[in-house]
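Welcome to a brief tour of one protein model.

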Amino acid sequence: LTVYLAADLKKFGPPLKSAEQDLGRFGNATRNLSTTLSGMLGPALNGAGAAAGYAAVQFGVDGVKAFVDDEAAAAKLATTMQNLGLAHDTESVEAMIDAMQRQTGVADDALRPAFDRIIKSVGDTDKATQLLSLSLNVSKGATKSLDAVVQAIGKAYDGNTAGLQKLGAGIDKAVLATGNMDTITKDLARTFGGQAQTASQTYQGQLDRLAVGFGELQESFGAGFLNALGQTEDKTGDLM
């Protein structure tokens with residue numbers, strides 16, 4: 001039995017040694033592969049991390065700027081409302097503008113100055129709200145900028161209808177000649193009614209509404225950051 005086992009081990013010696021050598025080579029190859037991949041992926045992963053960090057910082061910077069600009073625009077409109085004796089409507093106007101931007105995909109940084117321009121000419125919150133909605137419909141239907149439309153409508157209420165004629169909005173010349181803004185706006189509403197809502201349902205309109213949502217997120221981040229910064233400064237001041 002002892003002789004048999006010794007012979008048996010002699011048989012398996014060379015294969016075991018060969019297997020051990022193969023495992024050694026495999027281990028070396030694995031370590032080499034690991035080193036190579038680390039060398040290749042390390043810089044890429046570091047670059048990705050740096051890019052993500054830069055994007056986060058840029059988002060924060062853009063958020064603060066967006067909030068500051070938004071606050072300034074809101075303050076400007078609030079001052080106009082106060083000067084016209086309509087300060088009591090400021091909160092409801094802001095709520096209306098916020099709802100309108102979410103429905104149409106037209107950002108509040110375009111809606112506020114538009115409303116500001118119209119309210120200066122009509123001096124009535126409800127009327128200005130109706131005209132802002134009409135202006136959006138004309139803007140989408142006639143493929144004109146919102147600013148161009150509200151400027152034309154504002155000037156028309158001030159007594160100069162030439163801008164409306166230049167818009168190419170299809171207003172009947174006889175109607176335009178009357179200078180009667182109730183008749184003129186009814187004509188515009190009949191021609192362009194529902195255009196803003198229709199535009200908001202298109203692919204581009206959905207992208208615009210998504211952009212508005214992202215913009216609001218940035219503004220919220222900016223507001224939170226500045227608020228936190230203010231609290232930090234207060235706490236630091238308490239310690240001094």
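Predicted model: local features only at pLDDT ≥ 70, side-chain atom pairs only at ≥ 80, totals over all residues.

## A nonpolar patch on the surface

Tyr-203, Leu-207 and Leu-210 make up a nonpolar surface patch, and together they have about 370 Å² of accessible area.

Leu-210 belongs to helix H10, which covers residues 203-239. Is Leu-210 buried or exposed? Its relative accessibility is 61%, so Leu-210 counts as exposed, the cut-off being over 50%.

## A loop residue with positive phi

Next, have a look at the loop between helix H4 (125-142) and helix H5 (146-157), where Thr-143 is found. Thr-143 is not a glycine, yet it has a positive phi of about 55 degrees. For context, most residues other than glycine have a negative phi.

Thr-143 also counts as exposed, because its relative accessibility is 69%.

## The largest nonpolar core

The largest nonpolar core has 37 residues. Those with the most contacts inside this core are Leu-111, Phe-115, Leu-132, Leu-164, Ile-171, Ile-184 and Leu-188. At least two core residues are supplied by each of helix H1 (2-83), helix H2 (90-104), helix H3 (108-122), H4, H5, helix H7 (173-178) and helix H8 (181-192). H4 gives the largest share, with 7 residues.

Which residues does Leu-132 touch, not counting those up to four places away in sequence? Its partners are Met-96, Met-100, Leu-111, Ala-114, Phe-115 and Ile-118. In soluble globular proteins, nonpolar side chains tend to be buried together.

Notes
Residues numbered from 1 in each chain as written. Heavy atoms only, no water. Patch = residues over 30% accessible without salt bridge, like charges linked within 9 Å, V, L, I, M, F, W, Y side chains within 5 Å. Areas by Shrake-Rupley, 256 points an atom, 1.4 Å probe, with all protein chains shown as cover. Salt bridge = Lys/Arg side-chain N within 4 Å of Asp/Glu carboxyl O. Helix = DSSP H or I, 4+ residues; strand = E, 2+ residues; numbered from the N terminus. Buried < 20%, exposed > 50% of the residue type's maximum accessible area, 1.4 Å probe, protein only. Core = buried A, V, L, I, M, F, W, Y, C linked by side-chain atoms within 4.5 Å. Contact = heavy atoms within 4.5 Å.
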